[in-house]
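Grab a pencil and have a look at the protein below. Try each exercise yourself before you read the solution.

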Amino acid sequence: MTHPSIDVLLSETRNFPPSEDFKAKANSRDASVYETAARDPEKFWEKWAKELKWDNPWKTTLDWKPPHAQWFKEGKLNACVNCVDRHVLDEKGGEHARSKKKALIWEGEPGDTRTLTYGDLYREVNRFANVLKKIGLQKGDRVAVYMPMTPEAVIACLACARLGLVHSVVFGGFSAESLRDRINDAEARALITADFGWRRGKRIELKKAADEALQGTASIEKVIVYRRDEKEPVCTMKSGRDLWWHEEMQKAAEFTAPVSCHAEDMLFTLYTSGTTGKPKGIVHTTGGYLTGVYATTKWVFDMRDEDVYWCTADIGWITGHSYVIYGPLSNGATVFIYEGSPDWPEKDRFWRLIEKYKVTIFYTAPTAIRAFMKWGTDWVKRCDLSSLRLLGSVGEPINPEAWIWYQEQIGGSRCPVVDTWWQTETGAIMVTPLPGLTTTKPGSATRAFPGIAAEILNEEGQIVKAGGGFMAITKPWPSMLRTIFNDDARYQQTYWSKWQGRFYFAGDGAHRDEEGYFWFMGRVDDVMNVAGHRIGTMEVESALVDHPSVAEAAVVGKPHDIKGQALVAFVTVKEGVATSAALAEVLKQHAAKKIGAIAKPDDIIFTADLPKTRSGKIMRRLLRDIAEGKALGDTTTLADAAVVESLKQKYAGTEE
C-alpha cells in the first residue's frame, strides 16, 4: 500500500467538508484569515506572539537578511515559563486556575502510570533545573538527552529551557555511535539518560549504550541517570561522573528563577539526516519557534481546554519537540504520553489507551496507520473510540486508502483528518487543513497554514500554479531553522543554494492541483523516509563500508507496505571475502549498531561492481529501479551496462 502515482492522486474525487457542528465551535472558522495573513504576514505572526508571555517586548518583528532571519529580536522570554509557569501562577502571582489541571498523563509499556498536574510539573521542572545548576551548567551550554518516553524526558527539556541551556535530544533507538557523534558535534557538557526503557517487552539498555558512547567523548562532565524501575537491578555508575536522578532531586530546592532569554537565543539543536554522512544539527531559537508551535497547535488541532491530546511521536524527533512538549504545553493542554509500541502486548494497545484515557485528539504517522489496516478492524472494534473528535497524520505522505480507513475505522466517519506537512527544519506545521475551515481530500495536505508562503517551483525558481515541481517556502517564517550548528556554510548550501539564496528548498517533490491543494510525493534528494524517519543514503553506506569485509556500498529505498520505504543495500565485498546469507545478516546488524535499528537494511544484494557513470558517480536511479523490479531506463552513460543486467537478475533471483 505504497504511495500511489500522481495520476491516481489527482483523480481523487472524494472530499470532506467540516461538519456544521465542528465549524461552529472551531478555534479558526473565518476563511478571510488566509488573505489577511498573506497581505501582512508579519502582523499576523505578531498577533500570535503577543499571546505568549514576554519579559521584554520586541521592536523589530522581522529582520531578514537572506538566508538569515531574526524574529522579535529585541524581545526576551522563557520557553519553560510559557509552557509551565503561566498555567500555575496568574499575573499577580496567585494560583492560576490551570494549576490543578492535568498536564501529563503517562503510561509505561509494562502498564505503570503517572499523572502530573501543571502544579506538579512546575515543581519537578524547578527541582531538576536546580540539579542542572548544581553541576555547573550555564546559559548557552548544550545538554544531550537520551531518554525513554517518560515524563522525565519532558521535565529534562523544560528544565534546560528554564535555565537557557540548549538541549540536544537523541532518539533512544539510536546506537551508541550515533549518540557519540551527536554529543561531539554539539560539544555537550552533560548527558541526561536512564538505566533502561521498555520496547515490546524487552529492556532497551540506554545507560549501557551511553557508557559505550562516552568512551569517545571529551566534552561530557556529568551524567544524570533516571532509574526507570526501582525494582530492577541498577546499571553501572561511574564514580565522580554519574549521578542518580532521584537522589539529586531529593536534595534540590523547589524553585529556581527562570533565565530571561533573547528571542534569538538557541532553544535546542536536533540532528537530522542529510545527503552526506554527517547528520546536521538543526538550530531552533526561542521566540519564533515557540510562536510557530503555539499557533499551529491551537488552530491545526483545534486545541480546547477540555481536550486529552495524544501525539504518538518520540521526543527524539521534531514532532515530539513541537507537538508533545512545546506546542501543547504552551497552550495549557492535557498531554498523554505512552512509552511502548502499538502492538504490545496485543495489537489493540493504542485503542485501549484511547478508551482508557478518553483521548480526544490523536496524531500519528501513516506508517502506523498502514500497520493498523494490515492488522484488521477486529482489534479496533473491541474498544470504544467515541471520545475522539480529531485525527492527525504526520511524517510522510498518506495514501488515500489509508486516509479513508483512518477516518472511517478510527474516527467513526465523524472526525476531521488533518494531514500535515512539515520538517525538522521548519519547526512547525507548514501545510495542513484547518479543521473548521478546510474541505479535505484523502491524500492531500491541502493548503499552507496562514502566514506561510509555500509554493511549488520549477528548476529555474518559477512558480508552478498547477502541476509538479519542488516544494519551496518563499518568505521567512518564525519557526524556521536559523542555521546548522557550527556549520553555517552547510546551512546555506543545503537549503538556500538551489535558487541562489532567494527561497528555502525543502528537498520534497510536490504537486498542486487546480484548487491549489498540495499533494506531496516524497524526497527528491538522496534522503529516504523509512517509517516517517529521514535516513540519508550516505549515512547507511558509510556504516556498511566501515565493516572490514565491505569495499563499496550503495543504498536506495524501495516501496514498503507498512514503512513507506525500506532500505536496500547493494554491496561489493573486498578481495577474498566470500559472500553468504550469514554475511548479509552480519552487515544488517552492523548498520543497526552503527546508526540504530531504523537504519537496518531489509535486503543486502552482493555484487561484483556497482553501476556508475563514466565520471564514477553511482547511478542510484538504476539501483532503485532494480530494487523495485521496474524496467530499466537509459543506461548509455554506464561504464559497464552489463553490471545492471547482472544486478537485475540477481535481485529477481534468476541468476544461477
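This is a predicted model: local features need pLDDT of at least 70, side-chain atom pairs count only at pLDDT 80 or more; totals for chains, interfaces and linings use all residues.

Residues are numbered from 1 along each chain as its sequence is written, and side-chain values use heavy atoms, with hydrogens and water left out.

**Exercise 1.** Work out how many disulfides the whole structure has.

*Solution.* Start with the rule: a disulfide is a pair of cysteine sulfur atoms within 2.5 Å. Now try C80: the nearest cysteine sulfur belongs to C83 and is 7.2 Å away, so C80 is in no disulfide. Next, take C235: the closest cysteine sulfur, in C160, is 20 Å off, which is too far for a bond. Searching the whole structure gives 0 disulfides.

**Exercise 2.** Find out whether C80 is buried or exposed.

*Solution.* Check the cut-offs: buried is under 20% relative accessible area, exposed is over 50%, and partly exposed is in between (1.4 Å probe, protein chains only). C80 has 0%, so call it buried.

**Exercise 3.** Describe the salt bridge between R228 and E339.

*Solution.* A salt bridge needs a side-chain nitrogen of Lys or Arg within 4 Å of a carboxyl oxygen of Asp or Glu. For R228 and E339, the N to O distance is 2.7 Å. The two sit 111 residues apart, in distant parts of the chain. R228 is buried at 5%, and E339 is buried at 7%. By this rule, the count of salt bridges comes to 48.

Terms used
Helices (H or I, at least four residues) and strands (E, at least two) are DSSP runs, numbered from the N terminus.
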